[in-house]
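Good morning, colleagues. Please take a moment to look at the sequence and the structure on the screen. I shall then take you through a few of the residues.

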Amino acid sequence: TNIEQGGDVDPMLEGKKIMAVFGFCYVLGFADTTEILQEGIMVFVNEIALIVHSAVDHFQGAANKNIGEAFLLVWKFED
């Protein structure tokens, strides 16, 4: 069964190989910018996120995770 359908995790089930390219986008100077902008940091972070997500979406990728000052990006290859 699938975990999304309320099943349990079975680590012995056969997996599926997926080919992908992963990217890591680091915002240089993020700590200093945080100190300078203080309360305005959320506007800055949202603007950077919009730029990164838009560029990745444009090239059929996905922004997988935001880790504070960095973004994990992925582009899957079609079978």
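This is a predicted model: local features need pLDDT of at least 70, side-chain atom pairs count only at pLDDT 80 or more; totals for chains, interfaces and linings use all residues.

Phenylalanine 24 is exposed, because its relative accessible area is 55% and the cut-off for that class is over 50%. Phenylalanine 24 belongs to strand S1, which covers residues 20-26. Together with Tyr26, Leu28 and Ile67, Phe24 makes a nonpolar surface patch of about 490 Å².

Let us turn to tryptophan 75, in strand S3, residues 70-76. Is tryptophan 75 exposed or only partly exposed? Its relative accessible area is 26%, so tryptophan 75 counts as partly exposed. Setting aside residues up to four places away in sequence, tryptophan 75 touches Met19, Ala20, Val21, Gly23, Val56, Phe59, Gln60 and Gly61. With one of these, phenylalanine 59, there is a further detail: a polar atom of the tryptophan 75 side chain lies 3.1 Å from the backbone oxygen of phenylalanine 59. By contrast, 22 Å separates the C-alpha atoms of tryptophan 75 and asparagine 46, which are 29 residues apart along the chain.

I come now to the interior. In soluble globular proteins, nonpolar side chains tend to be buried together. Here, the largest nonpolar core consists of nine residues: Val27, Phe30, Ile41, Val45, Ala49, Val52, Val56, Phe71 and Leu73. Helix H2, residues 41-58, and strand S3 are the elements that supply two or more residues to this core. Which of the elements gives the most to this core? That is H2, with five residues.

Finally, valine 27, a member of this core, touches Phe44, Ile48, Glu69 and Phe71, again not counting residues up to four places away in sequence. Thank you for your attention.

How values were computed:
Residues are numbered from 1 along each chain as its sequence is written. Side-chain values use heavy atoms; hydrogens and water are left out. Patches are made of residues with over 30% relative accessible area and no salt bridge: like charges are joined within 9 Å, nonpolar side chains (Val, Leu, Ile, Met, Phe, Trp, Tyr) within 5 Å. Accessible areas come from the Shrake-Rupley method with a 1.4 Å probe; for residues, only the protein chains shown count as cover. A salt bridge is a side-chain nitrogen of Lys or Arg within 4 Å of a carboxyl oxygen of Asp or Glu. Helices (H or I, at least four residues) and strands (E, at least two) are DSSP runs, numbered from the N terminus. Buried means under 20% relative accessible area, exposed over 50%, partly exposed in between (1.4 Å probe, protein chains only). Contact means heavy atoms within 4.5 Å. A polar contact is a pair of N or O atoms within 3.5 Å; within protein, one must be able to donate a hydrogen and the other to accept it, and residues adjacent in sequence count only if both atoms are side-chain atoms. A nonpolar core is a set of buried Ala, Val, Leu, Ile, Met, Phe, Trp, Tyr and Cys residues joined through side-chain atoms within 4.5 Å.
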